[in-house]
Amino acid sequence: MDLKCLICGSDMEINRKSKLREAKCVNCGLIAWYYEEQTKMKHNVFRDYFDKWVKILGKYYKLNYVDGFAGVGIYYDDKGEFHFGSPLIAVETIIDNKKEATLILIDNNKEVISNLRKLIRYKGFDKVQTLKIHFINDDFNKTINKILKATEGNITPTFIFIDPFGFGDLKFRTIKNIMEKIPRAEILITFMYNAISRFLENKNLSKTFNEIFGSDKWRNFVGYSDKSREEEIISFYISQLKKVSKFVTPFMLTFYAKRRTYYYLIHLTNHYKGAVIMKSSFAKCSFGRPYWLGKYSSQKTLIEIGDAKVRSVSNFLLEKYNGKSVPFLKIIEDNIDSTEYLGSEFKDAVKRLEREGIVSVSYTHLRAHETSLHLVCRLLL
């Protein structure tokens with residue numbers, strides 16, 4: 001493949017022996033990494049959700065974006081085309097929406113930070129008056145905890161992307177600190193399940209795993225089989241994160257060509273709308289599902305044929321709320337991050353049950369001076 005530098009047009013040499021298949025310009029030194037399919041999926045989800053996050057919260061506030069493991073900021077694919085990474089996606093999204101924001105791009109690799117600076121200058125983003133972009137060449141955990149200490153009580157909505165290459169830099173204490181110190185914080189975590197599972201029995205990494213999980217109870221899952229180990233590890237990690245965030249939604253991604261889990265994207269937010277929208281964004285990018293199956297993603301399952309999905313959600317609601325009067329908002333808050341169902345699927349199921357005469361639905365004003373409606377489902381079996 002003939003790869004030309006995006007900035008100066010010179011040849012880029014590809015190191016096919018490196019894990020990242022790094023390409024480097026022979027003239028200006030620009031670095032690009034190979035664009036894996038799961039990375040593309042991750043970026044598509046991030047782009048879709050972050051655009052909505054900026055639109056909604058940017059109406060009322062200036063915004064903060066923190067990229068904890070920013071990376072080189074640019075990727076190339078098999079066609080020789082370039083694609084920007086999360087730092088550039090975030091900047092472009094904020095500019096496109098005409099919002100004000102501070103962006104903090106962190107990476108402990110000096111060459112990576114230099115690469116990001118080149119790209120930001122190339123795109124002219126460094127001259128945008130509504131943006132403040134800070135490049136920090138240091139450890140993420142040390143940096144973010146220092147920032148939190150200096151800005152305690154900050155109410156600015158802050159989106160933090162924690163996307164490490166491995167798992168050693170993922171620390172529960174840091175996540176806890178973020179959610180406690182920033183009232184309007186949201187976090188998107190890349191949880192490298194495959195690597196964590198592979199090294200779980202390495203006694204030399206006990207301290208590392210204690211820091212990841214914020215507990216030593218991960219030891220209970222060491223002897224489990226692959227399938228049960230995954231279920232237990234993810235369930236336990238989510239239960240830990242639920243101690244510091246109201247809504248914690250996991251999204252599984254497999255290897256592109258293997259039916260085996262690669263990693264999870266895990267979203268933390270304290271507002272139900274964040275959980276609903278993130279789930280919708282993931283499904284939008286993954287054939288309507290809140291998980292990704294690589295090259296097998298286009299294959300439909302039985303529950304996705306016809307109205308089977310709506311029936312499944314309907315049965316779930318009837319079983320859980322049989323005979324009860326419950327606000328629709330409570331249905332969402334109870335289930336949006338603990339089931340595979342989307343917010344829209346809950347709504348469709350309730351409408352169907354109402355048409356079939358199985359539930360009674362009443363609409364009431366939230367307050368006398370408001371026109372918004374509050375939906376209540378009365379399941380009458």
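Predicted model: local features only at pLDDT ≥ 70, side-chain atom pairs only at ≥ 80, totals over all residues.
Visitor: How many aromatic pairs does the structure hold?

Guide: The structure contains 33 aromatic pairs. One of them joins F46 and F159, with ring centres 5.8 Å apart and planes at 55°, a tilted arrangement.

Visitor: Which parts of the chain does the pair of F46 and F159 tie together?

Guide: One reads this from the elements that carry the two rings. F46 belongs to helix 1 (residues 37-57) and F159 to strand 9 (residues 158-162), so the contact ties together parts 113 residues apart in sequence. F46 is also buried, at 1% relative accessible area.

Visitor: What is the geometry of the rings of Y65 and F159?

Guide: The angle between the planes decides the class, and under 30 degrees counts as stacked. The Y65 and F159 planes stand at 20°, with centres 6.3 Å apart, so this pair is stacked. Here too distant parts of the chain are linked: Y65 sits in strand 4 (residues 63-67) and F159 in strand 9, 94 residues apart. Y65 is buried, with a relative accessible area of 1%.

Visitor: Which residues form one aromatic cluster with F159?

Guide: The cluster consists of F46, Y49, F50, W53, Y65, F159 and F161.

Visitor: Where do R21 and K258 lie?

Guide: R21 is placed over the face of Y34, 3.9 Å from the ring centre. K258 is placed over the face of F255, at 5.4 Å from the ring centre.

Notes. Residues numbered from 1 in each chain as written. Heavy atoms only, no water. Phe/Tyr/Trp six-rings, centres within 6.5 Å; stacked < 30°, edge-to-face > 60°. Helix = DSSP H or I, 4+ residues; strand = E, 2+ residues; numbered from the N terminus. Buried < 20%, exposed > 50% of the residue type's maximum accessible area, 1.4 Å probe, protein only. Lys NZ or Arg CZ within 6 Å of the ring centre and 35° of its normal.
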